[in-house]
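Let us walk through this structure together. Have the sequence and the 3D view at hand.

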Amino acid sequence: MSATPAQKPTLLSIRNIAKQFGRNVVLRDVSLEIAEGEFLTILGESGSGKTTLLRIIAGFETATSGEVWMGAERLDQQPPFRRRVNTVFQNYALFPHLTVEQNVAYGLRVARRPDAEIEQRVAEALGKVKMTAHAKKKPSKISGGQQQRVALARALVNRPNLLLLDEPLSALDANLRRQMQVELKSLQREVGIAFVFVTHDQEEAMVMSDRIALLRSGELEQVATPREIYSRPETAYVAQFIGHTNLLRAEVRDGVARCGALSWRTSTTDGPTLFSLRPEHLRPSSVASNGTVRVKGKVLQQAFHGATSLVRVECADGLVLVMRTSSGALTAQEVELEFSPADAIPVRESPERS
Amino acid sequence: MFSRAYKTAVTVPPLAWVAVFLLFPYALMFCYSFWSVTPAQTILHSWSLDNYKELFQKPVYWQTLLRSMWIAARVMLFSLLLGYPLAYFLSFYAGKRKDLLYQMVIIPLWVSYLVRAYAWKTILGSDGVLNTLLQYVHLTSHPLDFLLYSPFAVVLTLTHIYTPFTILPIYASLEHIPRNLVEASHDLGATLAQTFWKVIFPLSIPGVVAGATFAFVLSLGDFLAPLLLGGPSGIMISNIVVSLFGAAYNWPLGAAISLGMLVIVVSLLFMSERLEKKWSF
């Protein structure tokens with residue numbers, strides 16, 4: 001697993017966390033470090049254990065084994081109300097009997113801060129999320145997106161060391177969601193608080209995160225920057241989960257990988273190896289290029305995605321490749337594709353886990 | 001969506017039932033309350049407000065009404081004090097035993113009212129379980145007589161009988177509180193006590209109001225507990241109504257008292273409805 005970016009000190013360190021509910025293993029041996037001011041996304045399918053991991057950091061669940069440290073302080077033995085960590089809940093969990101303003105003031109009130117300070121900090125927090133005009137309204141009178149902002153203000157007003165966000169955008173419609181992604185990211189830069197963001201949406205993770213921790217069946221598959229995790233996936237699962245990919249099952253011998261009729265040079269060690277080849281690295285072959293791997297095939301299907309199209313091509317030996325092209329629809333039924341050997345990334349198999 | 005005949009078939013029977021067994025008797029009572037009874041014990045169908053005047057002029061009626069309300073208020077208070085913690089425990093901490101404990105709250109409701117009232121009689125009487133025990137351990141040398149045939153006995157019995165009626169609505173309102181609100185409160189730094197007073201209790205107020213209304217209204221109209229355990233000092237307003245409709249044969253005055261109580265109870269229900277609405281989200 002890749003380490004925390006060196007320039008920033010570690011804020012939170014999760015050490016060998018495991019969690020079982022009865023016989024059901026939800027997390028096994030998860031270790032992860034979160035740097036100060038970092039935007040880290042825990043990405044995974046439903047049931048991957050991402051929300052459980054978040055709840056362990058917040059203190060709503062107790063880990064079966066392992067430790068959570070914040071600096072020199074052991075966090076996992078403290079009740080949630082003593083942790084300098086705040087959460088934005090999936091359905092916002094705003095107090096329905098309190099106004100927007102009272103919701104935001106809640107954390108400061110229970111901490112018995114002086115009235116003048118509360119008033120000033122609440123006003124500031126509401127201003128930051130552009131909700132000042134709705135201060136006196138009850139949560140039921142404002143929209144989902146606005147509730148979202150209030151939930152953010154309510155958490156941030158306490159100036160936590162770390163903010164946890166449990167799929168906060170999943171209830172919003174697509175347009176608002178994209179808008180909130182941008183706002184959330186710029187808000188995070190502005191306040192400089194580390195965010196741990198849980199989502200099942202890989203696109204959301206790519207857009208917002210400094211780093212992505214991809215969780216699968218309770219284990220971390222890869223922790224890396226969005227660029228790294230996309231261009232250098234370590235496992236077949238990562239390659240498939242983040243974006244589209246073609247998985248080529250090849251046999252490597254003496255520096256040459258063979259997959260059906262295809263063969264290319266590789267620096268991987270000998271043996272059966274999976275390669276990930278992104279659809280955008282495939283293209284109709286041209287005379288000019290050399291050193292590329294070429295393969296002939298038949299166009300099966302073309303799917304228009306706006307700026308690009310995905311073309312499914314069946315090669316002579318039954319291998320189906322997906323190519324991304326931005327040059328409009330292909331007219332020919334028979335095509336020759338090519339790719340650079342460097343774009344075929346060797347990945348580890350992802351074994352089945354229960 | 002449904003045919004006219006179907007709609008008629010399902011709405012007419014209940015409406016007819018309400019008309020025949022509720023509205024008609026009330027209308028009859030309403031009429032009676034303006035009539036009077038002759039010394040020869042026949043009902044005189046002449047209209048006057050004399051019955052209502054008598055209610056206000058004779059202290060025994062409004063004093064008994066006040067005593068009844070005072071008893072009902074105490075029953076309400078004790079039911080809430082006993083019922084709320086139980087409902088809270090049941091909803092938040094009972095875990096796997098929740099269903100079992102819930103059933104144990106319900107089961108006493110299946111036992112006949114009379115059996116439960118009589119049980120208290122055998123517990124509180126001068127030869128009863130409690131007095132025998134107190135004398136046996138020499139806490140007292142002679143039976144305590146305030147235990148039975150007193151307002152105390154009535155309050156105790158009614159509290160026992162009506163506490164489940166307060167537990168159920170409180171439990172229901174506690175069950176409706178999304179648990180992530182409790183988590184959010186802890187997350188924002190609130191302790192267990194702060195969370196209870198700032199989040200859980202305010203959100204359970206509709207249940208508290210409903211439970212309090214049940215306990216108060218049901219006890220206010222109760223006549224069996226005071227009859228069996230109240231003695232002369234524990235008489236309640238319904239006992240007077242019963243005797244006016246029975247031995248005293250003064251239906252008009254009985255009807256006037258009944259309507260007076262109806263007005264009180266309906267206004268209470270109206271107020272509690274308003275309160276519940278104000279506190280539901």
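Helix 11 (residues 237-245) and helix 12 (residues 251-278) of chain B have axes that come within 8 Å and cross at roughly 150°. Axes here are lines fitted to C-alpha atoms over the stretch in contact, and angles run from 0 to 180 degrees between N-to-C directions. That angle makes helix 11 of chain B roughly antiparallel to helix 12 of chain B, a label for angles over 145 degrees. Helices are DSSP runs of H or I with at least four residues, strands are runs of E with at least two, and both are numbered from the N terminus.

This is a predicted model: local features need pLDDT of at least 70, side-chain atom pairs count only at pLDDT 80 or more, and totals for chains, interfaces and linings use all residues. Residues are numbered from 1 along each chain as its sequence is written, while chains are lettered from A and ligands numbered from 1 in the order in which they are written.

Now turn to chain A. Here 4 strands form an open sheet in the order 2-1-4-5, with antiparallel pairing. Two strands pair if DSSP finds at least two bridges between them. The edge strands of chain A are strand 2 (24-35) and strand 5 (73-74), and each pairs on one side only. Strand 4 (residues 65-70) of chain A pairs with strand 5 of chain A over 2 bridges. A:Met70 has A:Glu73 as its bridge partner in strand 5 of chain A.

A:Ala72 sits in the loop between strand 4 and strand 5 of chain A. From A:Leu12, A:Ala72 is 60 residues away in sequence and 9.7 Å away in space, C-alpha to C-alpha.

Key
Parallel < 35°, antiparallel > 145°, perpendicular 65-115°, else oblique.
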